[in-house]
Amino acid sequence: MNCTYESPVKRMKLRGYVTHQKMEGAKILVNPHQEDDDFNEVLLHEIAHAFWWGASEEKIEHFAAITSQILKKFGR
Ligand SMILES: [Zn+2]
C-alpha cells in the first residue's frame, strides 16, 4: 500500500485548518503563502477555533480580525 499525506491546506487550497484538540495528532495548519497580516489573522482564527470549538464562525472571525489588528498596531 502506498500512502502519501497531502496537507488539507494545500489539497483544498485553504488559508488555514484546525482539527479538534481531542483528535489524535491534533493540529493547526496555516498556509504560508499569504501576506503577513493575513497569515496572522488566519493563525489567530484557527487558534480561536481550537480554544472555542463550536463558537460561531462570526465570533471567530471577529476575534481574529480584532486581535490581528492589535498585533499590527504594535508592529507584530
Ligand atoms: Zn473558521
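The expected span is 1.5 Å times one less than the number of residues, and helices (H or I, at least four residues) and strands (E, at least two) are DSSP runs, numbered from the N terminus. After helix 3 comes Gly75, with a positive phi near 70°.

The structure is predicted, so local features need pLDDT of at least 70 and side-chain atom pairs count only at pLDDT 80 or more, while totals for chains, interfaces and linings use all residues. Residues are numbered from 1 along each chain as its sequence is written.

The protein chain holds three helices and two strands, arranged α-β-β-α-α from the N terminus on. Its C-alpha atoms fill a box of roughly 50 × 25 × 15 Å along the principal axes.

Which helix meets helix 3? Helix 2 does, through residues including Leu44 and Ala48, which face a set in helix 3 with Phe63 and Leu71 among them (contact: C-beta atoms, placed from the backbone, within 7 Å). The residues of this contact divide into seven nonpolar, five polar and four charged (nonpolar: Ala, Val, Leu, Ile, Met, Phe, Trp, Tyr, Cys and Pro; charged: Asp, Glu, Lys and Arg; polar: the others, Gly among them). The axes of helix 2 (residues 36-51) and helix 3 come within 8 Å and cross at roughly 135° (lines fitted to C-alpha atoms over the stretch in contact, with angles from 0 to 180 degrees between N-to-C directions).

Note on methods. Contact = placed C-beta atoms within 7 Å.
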